[in-house]
Amino acid sequence: MTNAVGRFHGGLHLEDHKACSMQSAIVAAPLPEQLIIPLLQHIGAPLEPLVKPGDHVFKGQLIADSDANLSAPVHAPSSGTISAIEERSIPHPSGRAEKCIVIETDGKDEWPGDRQTYKNYQSLSADQLRTIIRQAGIVGLGGAGFPSHIKLNPGQHQINTLILNGAECEPYISCDAMLMQERPRDIINGLKIIRQTVNARQCLIGIEDNKPAAIAALSNCLNDDEKQYIKIITVPTLYPSGGEKQLIKLLTNLEVPSRQHPVDVGVVCHNVGTAIAVADAVIEGIPLISRTMTITGGAVNKPANIQSLLGTPMRHLLTACGLDDHKLQRLIMGGPMMGFEISSMDTPVIKTTNCLLAMDKQETGEPQTALPCIRCGECAVVCPAQLLPQQLYWWAKARDFDKTQEYNLFDCIECGCCSYVCPSHIPLVHYYRFAKTAILEEERDRIKSDRARDRHDFRLLRLERKKQEDEERKRKKKELLKKVNDDKSDSKKSEIEAALERVKAKKQATRETEQSRDS
Amino acid sequence: MIASSPHQHPDNSITSVMLTVIVALIPGIITHVWFFGPGLLINMCIAIVAGLATEAAILYLRKHPVKVALYDGSALVTAILFALTLPSLAPWWIPFIGIVFAMIFAKHLYGGLGQNPFNPAMVGYAMLLISFPQEMTRWLSPEIPAAVSLGLIDTLRHSFMGVLPTGINYDALSMATPLDAMKVQIGLGQTVATIQQSQAGMSQLSGIGWEWINIMFLLGGAWLIFRKIISFHIPAAMLAGLVLISGLFFLVSPDSYASPLFHLFAGATMLGAFFIATDPVTASTTPRGRIIYGLCIGILIYVIRAWGGYPDAIAFAVLIMNMAVPLIDYYTQPRVYGHNRSS
Ligand code: SF4
Ligand code: SF4
């Protein structure tokens, strides 16, 4: 166990509120009657369903996939019948509806038969492992849900360090801490598979120092051989130490250059939950059909960590944890700092649902009116990206998006530290998201209009060329005609010319003879 | 609207920031009243009432929510700071005109809270000093005999009716401030040491009363830094700038230039360092920028005190540096994560 070697700018000391959900071991949620599987779960292309209403599916059966590389398939989390493929509300900041596969479970929770397992994964090639991981539908379980097989393909980059993110810096969330306490061996196995895939020299597991039990469990689990290349590193409890860029800085003192990726500095970073999913997929042959999540907040009586099937409606899980409907003020998916509000409790949990936070009135506080920015600079003090949030806000509000980019808007990780400390209660992150969306849309429009312009230009070009060709043809025709005419007169012309030539030659000859005589 | 992250907030607000600032001013205010009589309180009341009324009226005309803005406490702090710069024997219309001018021209014509480039309290003060130099330099003497000192009633009568109790005139009551006396006497060819020994109202550090007022504002300011209401950058840099340049001249010629200690504890130095130069709206916001901003104010204060036309210089130094803030901020942006130091 070692301490962090780097530090990042700013950050916040937050009350962690984790103990309440860590009283008991992780429990499996009861099987719901209906599972709702969105076809758009994560960053990447939407999936095409491979089943139709009325079909029977087994647990773990592939039900939707896509040809796109940037995608991960989904599987039936339990056995049952497809009842519909229709629009349902999905967990998304916009609260929008998307196509979902709806499964009526039959209660048997039945696998199709023997699963393909690879207990001796050591003999598999990196490509084979990546294929297994993609087919298991694994995405980053820590937050954004980026398809894992892509991150596991460093291409020509040499990977020096593989980082396992066990920092879990958001308040309230404790599922990674519980997993590290309860399933350290699976985490290490997953880590070793990932290491084999990216061919990393060393592995670092970063954990915040407020999780001594998790640190102990993982340290005790390592054997002597593993200790050679796996190190557990405690990082100070300071939000957002679990941000990818911040954790890389803490553990390696490297900074990921702006607009580049960790692989560019020889680092690959995965979440501890993802490592377990990888181990389950390769060693046990279980695709990603369930995940562990924290159900907590003032509005639930029995906060806990639950292993839930993907697609389970949120209400089902909240009820299991003793939701008090009257107390519920706001339901958040994710943590209080970066999570987003869920408007309907019928929304299903998905691969990236790491926490359901049912906040009561005391936790949300009274709604606050935003006042003008007084330029106090508190936001700049805490910004982990070392931006000037007040300037970003100023330009975003003025809709001067070029200026926001000059102030490095896209280096903002939306951690919310700035809004948290702002004495004027300005929803700063909201403005940054708005500006980012606007800029990306503008860019997309530009590309589109560029394309349209290209098409237009091409058409002009074609017309122009046609005109030229026509003219050319006309010209040639004219020439031909002229030539014919010329040919007729040519004989006469040449006679005259020949006569003239003769005269000239004669003159020249006489002059030359005169000159030679003179000399 | 769907609530945007983050979903939890600490219990902070502009109001609480402003109230803490006012609390930090109290020791200095009490000391001020102790030495210079209740005139300050009268000026302060006039400034607060007129300032808040002006703010409310303008917000109403601009069709902005009046209540929210009044409760944020910023106008209150401006009025109090402004009153602290006035001599205690000022007639009522001095604080009145000053604060109304400051609120309208220095704050709201620029768009209100957060938008004004110039410190409103200092704009008010500077305008008064230029327009009414006589009234603005009529400071009470801190050591007048009890027989001629003015009580609350007398001060009120003076403020509103312009009459002094019979048998008392301005000459008996008022006295040049230490900074003023120092400047005038040095100009007459006296050495600093003689001035400090012979001139009335001078004391060990700077001047009677003034040294204590400065010490109290220093303590209040330190408490604000401790409470993380202000950052140390500006006050530390400003005081360092003042000490550096005054120390330099003092070393060269201790007879014709007052010591750094004198400058630190005379006039409005500490009030300026901790409460005026730190006004977030008009100061630089980057850490390096704040140090440059503070240093320059410190140096400018000395330059104006030593060679300028006015005895004290906080207001002009701050206003001049307010103008430079956009430039300073632009060139002192911190290095963003993932960017090269050079870019
Ligand atoms: S914390 Fe809020 S008020 Fe202070 S500078 Fe930042 S945005 Fe402005
Ligand atoms: S949300 Fe963006 S600007 Fe605000 S503190 Fe985090 S990184 Fe900085």
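This is a dialogue on reading a predicted model, taken feature by feature.

Trainee: Where do I start with the ligands? Which residues surround ligand 1?

Mentor: Start with the shell, then sort it by class. Around ligand 1 you find A:C373, A:I374, A:R375, A:C376, A:G377 and A:C379. The shell also takes in A:Q390, A:C422, A:P423, A:S424 and A:L428. By class, that shell holds 7 nonpolar, 3 polar and 1 charged residues.

Trainee: And ligand 2? Which residues come nearest?

Mentor: The shell of ligand 2 has 13 residues, and A:C383, A:C412, A:C415, A:G416 and A:C418 come nearest. Sorted by class, there are 11 nonpolar, 1 polar and 1 charged. Then ask which elements contribute. In chain A, α14 and α15 each give at least two residues to this shell.

Trainee: Now the interface. How many residues of chain A are in contact with chain B?

Mentor: Count both sides. Chain A has 56 residues in contact with 37 residues of chain B. Next comes area. About 3,900 Å² is buried between chain A and chain B, and carbon and sulfur atoms give 53% of that. Then look for the main contributors. On the chain A side, A:I374, A:R375 and A:Y420 lose the most area to chain B, together 18% of what that side buries.

Trainee: How many salt bridges cross the interface of chain A and chain B?

Mentor: The rule finds 2 salt bridges there. One of them pairs A:E255 with B:R335. Their closest N and O atoms are 2.7 Å apart.

Trainee: What does A:Q390 touch?

Mentor: A:Q390 is in helix α12 of chain A. Its neighbours beyond four places in sequence are A:C373, A:G377, A:C379, A:A380 and B:T285. The side chains of A:Q390 and B:T285 make a polar contact of 3.0 Å. A:Q390 is also part of the ligand 1 shell.

Trainee: Why does A:Q390 count as buried?

Mentor: Because its relative accessibility is 5%, and the cut-off for buried is under 20%.

Trainee: What about backbone angles? Where is A:R375, and what is its phi?

Mentor: For residues other than glycine, flag a positive phi and then locate it. A:R375 is not a glycine, yet its phi is positive, about 55°. A:R375 sits in the loop between α10 and α11 (378-382) of chain A. A:R375 counts as buried because its relative accessibility is 17%. A:Y172 is another such case, with a positive phi of about 75°. A:Y172 lies in the loop between β10 (161-166) and α3 (175-182) of chain A. A:Y172 is buried too, at a relative accessible area of 4%.

Trainee: Which residues does a cis peptide bond join in chain A?

Mentor: Read omega. A:Y239 and A:P240 are joined by a cis bond, with omega about -5°. A:P240 is in the loop between β12 (230-235) and α7 of chain A. In chain B, the bond from B:S5 to B:P6 is cis, with omega near -5°. B:P6 falls in the segment before α1 (14-36) of chain B.

Trainee: One last residue. Is A:N305 buried or exposed?

Mentor: Buried, because its relative accessibility is 0%. A:N305 is in strand β15 (residues 304-309) of chain A. Now find partners for its polar side chain. The side chain of A:N305 makes a polar contact of 2.8 Å with the side chain of A:S174. A polar atom of that A:N305 side chain also lies 3.4 Å from the backbone nitrogen of A:C175. Other residues that A:N305 touches include A:M22, A:I26, A:M178 and A:T292.

Technical notes
Residues are numbered from 1 along each chain as its sequence is written. Chains are lettered from A and ligands numbered from 1 in the order in which they are written. This is a predicted model: local features need pLDDT of at least 70, side-chain atom pairs count only at pLDDT 80 or more; totals for chains, interfaces and linings use all residues. Side-chain values use heavy atoms; hydrogens and water are left out. A residue is near a molecule or strand if one of its heavy atoms lies within 4 Å of it. Ala, Val, Leu, Ile, Met, Phe, Trp, Tyr, Cys and Pro count as nonpolar, Asp, Glu, Lys and Arg as charged, and the others, Gly among them, as polar. Contact means heavy atoms within 4.5 Å. Buried area is the accessible area (1.4 Å probe) that two parts lose on being put together, summed over both. A salt bridge is a side-chain nitrogen of Lys or Arg within 4 Å of a carboxyl oxygen of Asp or Glu. Helices (H or I, at least four residues) and strands (E, at least two) are DSSP runs, numbered from the N terminus. Buried means under 20% relative accessible area, exposed over 50%, partly exposed in between (1.4 Å probe, protein chains only). A polar contact is a pair of N or O atoms within 3.5 Å; within protein, one must be able to donate a hydrogen and the other to accept it, and residues adjacent in sequence count only if both atoms are side-chain atoms.
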